[in-house]
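Thanks for asking me to go through this model with you. Have the structure open beside you as you read.

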Amino acid sequence: MTSHSDHRSRVLILGGGLAGTLAAAAVAPYCDEVVIVERHALPDTPTPRRGLPQARHAHMLWSGGADAIEDLLPGTIRLWLDSGAHRIPLPRAMVSFSPCGWYRRWHEPEYAVDSLYLIGAGRDLIDWGVRTQLLADSRVRILTAEPLRLLGDHTRITGAVIQHGPGQEEHLHADVVVDAMGRASRTTTWLSDIGVPAIPETILDAGVTYASRLYKAPAGTADDWPAITIQPDARMPVPGTAGSIIPIEGGLWQVSLCGTRGGEPTGDPERFEEYARTLRHGLLADFLAASEPTSPVSLTRNTTSYHRHYSKVRMPAGFLAVGDAATALNPLYGHGMSVAALGARALRDVASRAGGPTARGFTRRAQREIGRPAAAAWLLAAGQDMFFPGTRGKKPTAADRVTSAYTHRLIRTAASSFTVAEALTQVMTLQAGAAALAHPRVLVEAIRGPRLPALPGPPLTAVEDGVRQGRAPSPSG
Ligand SMILES: Cc1cc2nc3c(=O)[nH]c(=O)nc-3n(C[C@H](O)[C@H](O)[C@H](O)COP(=O)(O)OP(=O)(O)OC[C@H]3O[C@@H](n4cnc5c(N)ncnc54)[C@H](O)[C@@H]3O)c2cc1C
């Protein structure tokens, strides 16, 4: 066993996924060294890797999260786009069937909003882009090893014991240890082993199962193709079902289908398109019928939401949790990566104000700030999840029902009011908090209700409708 201790300031990050690499970017400017300990080797190309099973499913990166990543690591969006990712402007390039009907796409120039968008990219590309940008910083290094336990006691964490291989343990000391091991994290047990009280957590489980598959995008759809989503309707007394087609790099569509408890898809490739046909609208199934699958079906049931309340116990100094290790969200709303990014930006801001992660009280303040975007996304998700039949966890109260009724009125109004559509999109993309939905302009529109008739069908362009019907666009467009 070796033991290292020196006087250079060091942050040790356990887990080299998105939250871990972004946390490294956040603190690197304020310390001498950042060491990321990741269990699996990380590829230097945007290719699949072990330890990230969710990468086989659609990963929407909303502009709130993408902007935060760009702020931490300038040039990342350019790197993604140069590698084939799509920047999908919202709401213009989103064909979305809400619980209250089709959203309009607001094509007219006066409705062009450049700040709201979605990055259409595979998860491996997203993580690779962030990692590549991060590793340009010589203060950061990644060790392929496995942490075994924390060093220190219930008052202060001073590092971790890591294992490089059988019998090869190292005591790695650090000023701050960051848990970024995602849903696989076991630090709540490690903390309790050294006398830290149990960290209370809220759990909400709608029993969501995901089935996903790649499709070859039909000829002529590579550029400027919309994201397509069919959303669930939690007001119905039946399991929620949903699906999305996201154009990603390599001329592919990442297709994900999902259902809440009692309405789950299976991993059977023969039944993938059949399940798509059972969604609340058949548009997605029509597009799948016009394209070719290029991968097997990947299935995951690991979607339970939990929110750990670190502020409710006396946490040891020198320890932080980020990303899914702290709060894991139902993936239906596509907020996990953006919450990790906004949390990392908050971490950077606390480090900047405090003068670095070695400052007194740093981890307590940082954990509080990291928790804010997570709590906001939690409320958005819980406001819907608790209404699905069979959801385990909190049951809706009268206040929840009033909030839900207002949200549905907003959704119905958004189909015919740009003001409301923009506010909803800002909140969905995590570029604004839920307070944007109570802005007087939005309230007035909501009281007035829809002023245009509901769209009779999906708002497709002629080219998109042709593809839906199996006609490839002509080369001239
Ligand atoms: C089906 C599905 C679909 C999703 N869709 C979306 C979406 O559309 N949009 C979105 O924003 N989010 C989505 N998410 C959520 C998103 O995947 C997570 O929020 C995000 O990955 C969190 O990043 P993280 O770094 O905290 O965890 P992870 O990305 O899981 O990274 C954890 C890292 O820790 C490593 N690790 C684990 N244990 C150890 C150990 N003992 N030692 C060392 N290293 C370890 C792992 O190998 C991994 O590299 C989805 C999730 C699922 C399950």
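1. First, the ground rules. This is a predicted model in which local features need pLDDT of at least 70 and side-chain atom pairs count only at pLDDT 80 or more, while totals for chains, interfaces and linings use all residues. Residues are numbered from 1 along each chain as its sequence is written, and side-chain values use heavy atoms, with hydrogens and water left out.

2. Let's start at the ligand. It is surrounded by 35 residues, the closest being Glu-38, His-59, Met-60, Arg-123 and Met-337; a residue is near the ligand if one of its heavy atoms lies within 4 Å of it. These shell residues divide into 13 nonpolar, 16 polar and six charged. Here Ala, Val, Leu, Ile, Met, Phe, Trp, Tyr, Cys and Pro count as nonpolar, Asp, Glu, Lys and Arg as charged, and the others, Gly among them, as polar.

3. Now look at the polar contacts (pairs of N or O atoms within 3.5 Å). Glu-38 places a polar side-chain atom 2.7 Å from a ligand oxygen atom. For Ala-19, a backbone N or O atom lies 2.9 Å from an oxygen atom of the ligand. The side chain of Gln-54 has an N or O atom 3.1 Å from a ligand oxygen. Taken alone, the ligand exposes 990 Å², and the protein buries 96% of that (accessible areas by the Shrake-Rupley method with a 1.4 Å probe).

4. Which element gives the most to the shell around the ligand? That is helix 8, with three residues. Elements giving two or more are helix 1 (18-27), strand 3 (33-38), strand 10 (146-152) and helix 8 (336-354). Helices (H or I, at least four residues) and strands (E, at least two) are DSSP runs, numbered from the N terminus.

5. Next, the domains. The chain is assigned domain 1 (2-75 + 125-203 + 304-383) and domain 2 (91-114 + 205-303), with bounds from an automatic or database domain assignment. Their centres, taken over C-alpha atoms, are 30 Å apart. Contact (heavy atoms within 4.5 Å) takes 15 residues from domain 1 and 21 residues from domain 2. Each domain also supplies at least three residues to the ligand shell.

6. The Leu-90 to Pro-91 peptide bond is cis, with omega near -5°, and Pro-91 sits in the loop between strand 5 (86-89) and strand 6 (94-98). Trp-106, in the loop between strand 7 (101-102) and strand 8 (117-120), has a positive phi near 50° although the residue is not glycine.

Note on methods: Polar contact = N/O pair within 3.5 Å; in protein donor to acceptor, adjacent residues only side chain to side chain.
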